[in-house]
Amino acid sequence: MACSTGTCQSGCYKDNNEEEEQVPKREAANGVTPNGNDIDHHHNLCLKCKVNETIAPPSAAGGGVGDGGRFCADCFRGNLFGKFRFAVTANAMISPSDKVLVAFSGGPSSRVALQFVHEMQHKAQKNFDASRDRSLPVFGVGVAFIDENAIYPACSREFDQSIEEMKLIVSNLAPPRKEFHVAPIGSIYSSDFSDGRDRLKELLNAVSDVTGKEDLLLHLRMLSLQKIALENGYTKLVLGSCTSRIACHVIAATVKGQGYSLAADIQYVDARWEIPIVLPLRDCLTQELNMLCCLDRLETVEAINRPCSGINGLVSSFVKLLQEENPSRECTIVRTAGKLTPFHFNRIPETDDGNAHLASQRRQKKFNLKPNESLPPESFCPICHSPLNNCDLPSFSSFEDDQTSAGIFGASCCPSCRFQIVPKEPSSMVQFYSLLPQPIISRAKDGGCGNQRWLREQIQDCLLSDNEDGT
Amino acid sequence: MQLTLEFGGGLELLCDSVKVHNVNVDQGAGEKLTMKNLLAWVCTNLIKERPEMFMKEDTVRPGVLVLVNDCDWELSGQLDTTLEEKDSVVFISTLHGG
Amino acid sequence: MQEADVVKPKKNIGAGRQCTICNQRRAALKRPKTLEQICRECFYVVFEEEIHRVIVDNQLFKPGERIAIGASGGKDSTVLAYVLSELNRRHNYELDLFLLSVDEGITGYRDDSLETVKRNEIQYGLPLKVVSYKELYGWTMDEIVKMIGLKNNCTFCGVFRRQALDRGAALLKVDKLATGHNADDIAETVLLNILRGDIARLSRCTSITTGEDGPIPRCKPFKYTYEKEIVMYAYFKRLDYFSTECIYSPNAYRGFAREFIKDLERIRPSAILDIIKSGEDFRISTSTKMPEQGTCERCGYISSQKWCKACILLEGLNRGLPKLGIGRSRGITTDRSNDMKQSNGIKNIQSKQCGTLDF
């Protein structure tokens, strides 16, 4: 088995993977003819309008500009917005009665998300003003930034300046006016900011694994966004996650043993949260978003964003390398993961609001989402909110001797969080538990739908059988 | 300092297909020879081709096992392991063949 | 008590740590799976017993079965042959074990590794069967490479080998074929299938037994065994194995995915098992098309198409059209993307390069 053991993989793999790649199907999705792909590679005319020059020479297309090598600036912009709009309409992400909160980090992806949501709102407003019956209201838009300065302290002047820049970006958008919420990540604890900050620091310090720490912070960021959305009456949360980002998540989740829950995280819609999350940029590459920011001079605020470390860092450099070697790799990764069966919550729940429903019906194209499962999964991990695989629920023997709330909490987490976030030492576990913010605790108590009860039953059984043995 | 170095699992191909090397490594007077020093020495003196198969950054390439006196170097502090007279160091690649 | 100190005592940092299992002997390695520090003797015990558990828990073998061990002379198959014959004796599996090797006809590579297998035959007392490309197909790899060059040669080799192993297994009249794929290999395959978008292979690449519907099922007793431990075991036991890269795919082991897995292992050794777990847990709808199995009209081997892959490739070679059946060549292959969409899609003979691990 000389080379059948995988060792021979890539030498040969390199020769062939060109043949393996399918033409990415997304063009078909937004109305650009897919069969135009192979032509016109020899001169620099836009594939779509066949009039203007492409933004970048075709040879550079692989090098990291995505569609920039095939389209002129206008068509590129139109194509990118088309992907966004298709994702929004096909998945009924935004209905006229919605109030959407755009999570803004200052980086190019969320900047484009903000821009596109804004353009969509702007058009809706124009239509509204022009229409006679005014039957379709215009959805509202707000912007949120989670300030993690408490965890990664930056120079405070620089930081304040960044916040000012973001405020300016938001306020410079044409009306309707968008509210801008800046919340320190410590505010998931209480309104007392400094107390929350200290507890948060302690909480993160209780996590020894670098990757675990980073992931916990990510989960807390989501809690903060949910909190802002909930407190301010938003009905959807828009994230700027692009194909490249999602590809990294696919690999990272696989590496962390989260194969079961992975399908939940990478769909256009994720309604397991109180405020459903939507990913309208799921089909856009990071290079394309960067390119748009350059072309349209969309201001970004880069100072705040940090590169990831640990497993996440390793994964993102791996994906970057693969993407450089083959520019459709990220799409292929996301396409593969897209074939996994999604969960029942990966669609916008039906609303009672007749008006909105009608409107979204009108817009919504009949689409593919047919979750196989009719039953909701039993429970979610209280930390990362991943659906739990039944066979991963711990056997009762694993916490026979630990029936403290902390111990039971630890046992109700997914294996991945148990490994990289939850402390192993019982005493540090008690401390960790005492530092958790309320939403996570209550999620463990009731959000887990019966998980907790199930665990208690298991403990009861265990206690009974112990007694029997003893007598 | 006299050391016995052994290359296996295909790494011998990087040093003229010789598996066992009895070598004399000089170190500064009073200074301890660590694995870190030894790796640098091996790279300069023994590895004849494709050093990237052996090293990555300042340590051995992931997938290369190192044993100092038949003991996994992960137990003795990896690069900080100090070597003594007549020690034996084995490098085995796990990356070849199956 | 200090019996391990026949190995000369060390004053190194942390050296002289004791084995966490027996608390007596000096630890010799750190297990990637558990991070335990254990001595050689305890390592042999846990290594072998873990494989025994995997065999028992997954019912890989039944008493009285004839089992072929795919033997390349490399580390994995050498350790597999050694451990299986050891466990067979110790735990009375009542198996008839055979070594099965494929001679691709690669001078300076396979002829040398076959010498290793022949020594293993004597060392472990296991009968050896060698099937060669030359006798099965009329071509050696040397001749094939002379004709087609170094591009795509791994496709030929991979397709031919898979079938050669099945034919050899049939000649030996064995019930099952055990291969030396280890945990690192399987983790790598999971990643590669994600990178390639191959959902069908992704769904079955983590199965410990495959091909139960085919003529000869295959199993992987090392599915949960780390490559590091296999190499350590072979080293400590001084097992005789061959470790030269194939001359026709030199440097192939520089694969991105392999490198990534080794990098991961360094910062989180459990990642390898986590990837396998992910592979097992992926929610892949059962309606995902498996190709319908038929038999090749030409040679009778299982095939989802009129002719099996090997026959198409062979036809190309014999007609002097070696591109036949490779990648994009039209005519016989159908468009893959169409294929995937049909619910009953037939897997075409798309080039799956050598190293597709034959799942």
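How many residue pairs are in polar contact between domain 1 of chain A and domain 2 of chain A? The model is a predicted one, and the count is six residue pairs, both residues of each pair being at pLDDT 80 or more. Between domain 1 of chain A and domain 2 of chain A there are zero salt bridges.

**The domain contact in chain A**

Chain A is split into domain 1, residues 75-374, and domain 2, residues 390-461. Domain 1 of chain A brings 18 residues to the contact and domain 2 of chain A brings 13 residues. The size of an interface is often given as the accessible area lost when the parts come together. Between domain 1 of chain A and domain 2 of chain A, the buried area is about 1400 Å², and carbon and sulfur atoms give 63% of this area. On the domain 1 side of chain A, the residues that lose the most area to domain 2 are Leu203(A), Ala206(A) and Leu223(A), which together make up 30% of what that side buries.

Which elements give two or more residues to the side of domain 1 of chain A that touches domain 2 of chain A? They are α7 (193-205) and α8 (210-231) of chain A. The most comes from α8(A), with seven residues.

**The sheet in chain A**

Six strands of chain A make an open sheet of mixed pairing, in the order β3-β2-β1-β4-β6-β5. At its edges are β3 (179-184) and β5 (269-270) of chain A; each has a single partner strand, so one side of each has no neighbour in the sheet. Within the sheet, β1 (residues 99-103) and β2 (residues 140-147) of chain A are paired in the parallel sense over five bridges. Leu101(A) stands opposite Gly142(A) of β2(A).

Helix α5 (residues 108-130) of chain A packs on this sheet and touches β1, β2 and β4 (236-238) of chain A.

Strands β3 (residues 66-70) and β4 (residues 96-103) of chain C run parallel and are joined by five bridges. Gly70(C) stands opposite Leu100(C) in β4(C).

| α5(A) | β1(A) | about 155° |

**Backbone details in chain A**

Most residues other than glycine have a negative phi, and most peptide bonds are trans. Where are the exceptions noted here? Pro175(A) and Pro176(A) are joined by a cis peptide bond, with omega about 0°. Pro176(A) is in the loop between α6 (156-172) and β3 of chain A. Arg297(A), a residue other than glycine, has a positive phi near 50°. Arg297(A) is placed in the loop between α11 (286-295) and α12 (310-325) of chain A.

Technical notes. Residues are numbered from 1 along each chain as its sequence is written. Chains are lettered from A and ligands numbered from 1 in the order in which they are written. This is a predicted model: local features need pLDDT of at least 70, side-chain atom pairs count only at pLDDT 80 or more; totals for chains, interfaces and linings use all residues. Side-chain values use heavy atoms; hydrogens and water are left out. Two strands pair if DSSP finds at least two bridges between them. Helices (H or I, at least four residues) and strands (E, at least two) are DSSP runs, numbered from the N terminus. Domain bounds come from an automatic or database domain assignment. Contact means heavy atoms within 4.5 Å. Buried area is the accessible area (1.4 Å probe) that two parts lose on being put together, summed over both. A salt bridge is a side-chain nitrogen of Lys or Arg within 4 Å of a carboxyl oxygen of Asp or Glu. A polar contact is a pair of N or O atoms within 3.5 Å; within protein, one must be able to donate a hydrogen and the other to accept it, and residues adjacent in sequence count only if both atoms are side-chain atoms. Axes are lines fitted to C-alpha atoms, for helices over the stretch in contact, and angles run from 0 to 180 degrees between N-to-C directions.
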